[in-house]
There are 2 protein chains.
Amino acid sequence: MTVTTSNGAGLGIALDRAAGVPLYRQIADSIRRQVQQGELAAGSQLPPERRLAGSLGVDRSTVIAAYRELAADGLVEAHVGRGTTISQPKTADWHGLRPIQRLDWQQLLAPAVAADPLLDELGALAERSDVVSFVSGIPAPEFYPIAEFRSLLDEALGAGGEGLLQYCPPEGFAPLRTAIAGRMTHQGTTVSPHRVLICAGSQQGLYLLARALLEPGDTVVVEAPTYHGALLVFRSVGARVVAVPVDRHGLDIDRLNDLLGRRPVKLIYTLPTFQNPTGVTLSLERRQRLLETARRHGVPIVEDDPYGELGYEESRLPSLLALDRTPGGSVIYLSTFSKILFPGFRLGWIVAPEPVIARLAWVKGLVDLDSNPLAQWAVGEYLRRGRLDPHLDRLRAIYPERRDRLVSALAEGVGSRLTWQRPAGGFYLWARLAGAIRAREVLTEAIALGVAFVPGDLYHADGGGRDTMRLAFSALAPDQLALGAERLSRAIMTVSDRRTRNRESAPRPPTRIV
Amino acid sequence: MTVTTSNGAGLGIALDRAAGVPLYRQIADSIRRQVQQGELAAGSQLPPERRLAGSLGVDRSTVIAAYRELAADGLVEAHVGRGTTISQPKTADWHGLRPIQRLDWQQLLAPAVAADPLLDELGALAERSDVVSFVSGIPAPEFYPIAEFRSLLDEALGAGGEGLLQYCPPEGFAPLRTAIAGRMTHQGTTVSPHRVLICAGSQQGLYLLARALLEPGDTVVVEAPTYHGALLVFRSVGARVVAVPVDRHGLDIDRLNDLLGRRPVKLIYTLPTFQNPTGVTLSLERRQRLLETARRHGVPIVEDDPYGELGYEESRLPSLLALDRTPGGSVIYLSTFSKILFPGFRLGWIVAPEPVIARLAWVKGLVDLDSNPLAQWAVGEYLRRGRLDPHLDRLRAIYPERRDRLVSALAEGVGSRLTWQRPAGGFYLWARLAGAIRAREVLTEAIALGVAFVPGDLYHADGGGRDTMRLAFSALAPDQLALGAERLSRAIMTVSDRRTRNRESAPRPPTRIV
């Protein structure tokens with residue numbers, strides 16, 4: 001093929017004089033792209049320099065420079081009397097133009113903890129409108145206080161607002177730290193603003209804590225099951241994760257005590273209130289024993305409390321932080337606005353002894369310097385103006401309705417094939433399959449029927465919990481909950497029936513050589 | 001002292017029935033606080049249960065429970081017939097009520113790279129209205145496009161906007177990735193949105209890269225001088241930092257080549273355009289040689305480019321990313337909206353080969369899950385609507401005026417005692433003191449005179465550059481620049497004169513045994 005086009009447009013060259021890129025480079029890049037994309041084959045002839053220059057409205061020297069760059073790359077060849085033609089590819093790796101060593105990026109990456117691809121897949125399912133997703137632990141979006149935050153942001157940026165678009169201290173925007181300290185003090189924990197650090201959600205809080213406190217080889221005690229993201233964080237810094245079971249009253253303190261007696265432990269990580277994923281709450285008596293046990297062994301406690309304000313009943317247990325009597329403190333408290341307002345502002349907070357806050361601020365400075373001060377101002381004002389409590393009152397009325405809708409639809413649909421403990425707060429129903437059915441098997445069936453959930457093994461450090469699942473009901477409207485429960489029930493029945501049939505038709509498992 | 005008050009108010013107890021904290025705890029906590037603060041001395045008598053209950057309007061059982069908790073803590077003693085009194089402290093550590101082991105938090109912290117406290121001090125100075133601060137590398141606040149972002153946020157939240165207050169993928173909000181890819185492609189680099197990851201500013205970009213690519217003991221080549229925050233990040237992950245000098249044309253490629261031949265290097269970190277802190281730009285010829293050198297040794301390059309769009313002159317050099325011809329790429333590009341819009345939204349981006357993006361997304365998921373999608377939407381829209389270029393045009397006219405104001409005021413004030421290379425873009429004037437005067441010595445004098453800057457040794461991996469300083473002129477109005485230059489000149493003259501005097505009065509340095 002020969003390019004006989006008499007103007008640059010025929011070559012598909014569009015110059016942008018405002019781009020700040022030299023024109024000769026724009027010409028060369030355009031031709032290079034066309035060669036790489038196969039639009040200009042080897043042997044094709046480029047327009048003479050003078051003609052292309054004329055049609056593009058550039059100096060001839062510009063085209064000469066472009067052709068020269070392409071020649072230097074081995075992409076074109078100039079022949080006296082015959083003009084410039086596209087070269088034959090010299091190597092199979094035409095794309096790179098020269099036989100240059102390719103960097104092995106996979107090889108260059110530092111080791112990482114293997115991530116379960118299932119979570120990404122579940123995330124993608126949540127986007128589909130034909131799937132009822134029990135996956136996401138988010139507040140009910142139709143109740144986000146959007147109008148109030150719209151007006152707060154407008155107010156902030158209307159009144160100048162440059163100061164809220166700057167950097168801010170790594171510890172956080174002072175008025176938000178004060179508002180949080182005030183709120184927590186009001187709830188029975190005396191907290192000074194100096195002991196509060198703002199972080200980008202609980203996830204960052206956990207990460208900062210892990211980096212501040214853990215060294216490779218350190219042991220962290222977690223609950224079985226526990227928050228998946230915490231397992232990843234602890235492992236990513238090289239810590240060993242040891243799990244202690246949770247029963248209907250929370251963490252098993254006797255087992256914890258045994259464990260602390262057997263090996264050195266750096267940190268205890270617990271979600272004592274409306275736990276993720278089980279919804280279980282640690283009893284007052286166990287809270288006291290947990291504190292005493294940890295104190296006796298000199299081990300600090302990280303209390304992760306995203307759901308503490310989302311209890312559906314009147315009574316409320318004091319946090320571990322509030323109960324702690326260790327001089328200087330033995331509890332680091334962590335919470336987030338993601339579960340009580342909305343996740344998008346990426347704001348959470350840590351309450352810790354001041355030496356820990358100082359170190360956390362240092363890590364925060366490394367990781368991202370600080371969090372968005374405009375968002376911090378807006379949330380601080382929302383607290384200061386007393387808007388959070390009415391908002392929470394509304395949610396505390398809605399979530400138990402949703403829980404009950406889900407529970408009754410499931411009870412009707414699957415009977416005793418699925419069991420659970422009704423949570424008294426939070427976002428999650430934790431359910432167990434009867435008859436040794438695996439949740440991942442049900443999940444495959446469920447996705448085909450248009451419903452998704454998180455299989456419980458993801459919340460276990462050791463691959464346990466294969467017969468469990470987490471169903472987040474907080475963000476689903478009642479009819480969606482019913483529809484999802486109905487589909488899930490069918491999926492469970494299908495798997496259960498298949499099991500029964502297989503057992504009847506094949507009483508002994510076939511011998512398999514693997 | 002005996003408490004004879006007949007009502008609860010006399011005990012300073014204020015109950016909050018809406019607090020969600022059990023009333024008995026509120027009573028106990030209040031008394032405990034008063035004891036700890038010395039308001040209730042040992043031996044003081046508490047009101048009889050029935051009387052306190054009456055005055056507080058609570059059940060007698062509530063007061064009994066409160067006194068019981070205080071007794072269990074050893075804080076009060078109940079005597080038949082004599083009522084309840086405050087106990088004698090059992091240990092010197094009265095605050096903790098029981099002789100409990102205090103956790104040694106400093107001991108519990110993981111090791112960290114020592115931070116220079118100077119930066120915090122300089123940050124505090126920047127807050128003072130009587131100090132002209134050349135410290136902060138931020139855009140001119142009076143030109144932040146606040147009105148436009150106010151209107152964008154209003155638009156987003158007016159149209160529902162729940163979707164922008166949710167979690168978003170760790171790689172970033174797709175429309176912003178697309179807008180960035182489009183802008184970079186327009187500038188002569190073909191970038192697909194899949195190769196773009198959104199991060200919380202350049203600082204987080206650097207952190208994610210360090211975590212994705214570096215292992216303890218790996219060597220990173222940096223420039224001398226270079227961005228202080230990068231030095232901290234690389235060191236925080238255990239990397240060794242080796243510096244190669246920058247001259248007036250940028251990184252010394254011959255020295256780099258020697259170094260790469262001598263030892264294995266994992267990464268080259270460079271700021272090729274309007275470098276922080278020197279303002280120097282790597283020449284086109286050196287860019288080509290840098291790429292060839294790195295390629296020959298199989299070492300990837302991290303191109304940090306926060307200031308690339310802030311050149312004051314017409315011509316613009318292509319980025320290393322644009323010049324890179326290595327198949328699969330050898331350059332990871334990093335930039336931020338902090339320097340071209342404002343820092344507060346905490347948004348930057350990385351362009352990298354897809355295997356690197358996948359790993360960065362994993363690290364981002366650990367560190368904070370994702371960045372604020374509302375802010376991402378707003379910046380994406382700002383780009384899509386073509387608002388950034390007019391904004392940058394405005395800034396590109398203002399900054400050289402500020403640079404010139406600073407330069408002429410300094411030239412007038414200090415003459416040859418301070419020298420510099422006039423930057424052609426960016427935020428910084430990098431200046432060198434004549435006569436072996438140390439910048440930190442000048443800084444002490446300068447602060448006393450009401451002006452602050454960053455001493456150059458902070459930008460060196462090895463403590464070099466003690467006679468240098470960085471002066472950020474971008475955020476200061478012309479009269480402030482003149483005032484700051486005048487004060488700085490006086491500080492330099494003062495130190496310089498003191499030197500001369502000392503030299504005259506003490507011609508030989510005293511012998512010192514260290």
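The backbone oxygen of D305(B) lies 2.8 Å from a polar atom of the side chain of S335(B), a polar contact being a pair of N or O atoms within 3.5 Å, where within protein one must be able to donate a hydrogen and the other to accept it, and residues adjacent in sequence count only if both atoms are side-chain atoms. The model is predicted: local features need pLDDT of at least 70, side-chain atom pairs count only at pLDDT 80 or more, and totals for chains, interfaces and linings use all residues. Residues are numbered from 1 along each chain as its sequence is written, chains are lettered from A and ligands numbered from 1 in the order in which they are written, and side-chain values use heavy atoms, with hydrogens and water left out.

S335(B) belongs to strand β10 (residues 331-336) of chain B; strands (E, at least two residues) and helices (H or I, at least four) are DSSP runs, numbered from the N terminus. With 4% relative accessibility, S335(B) is buried, that is, under 20% relative accessible area with a 1.4 Å probe and protein chains only. Beyond four places in sequence, the contacts (heavy atoms within 4.5 Å) of S335(B) include W349(B) and S202(B).

In chain A, an open antiparallel sheet has the strand order β12-β13-β16-β15, where pairing requires at least two DSSP bridges. The edge strands β12 and β15 of chain A each pair on one side only.

| Domain of chain A | Residues |
|---|---|
| domain 1 | 2-86 |
| domain 2 | 118-138 + 390-502 |
| domain 3 | 146-386 |

Between the C-alpha centres of domain 1 and domain 3 of chain A, the separation is 60 Å.

Note on methods. Buried means under 20% relative accessible area, exposed over 50%, partly exposed in between (1.4 Å probe, protein chains only). Domain bounds come from an automatic or database domain assignment.
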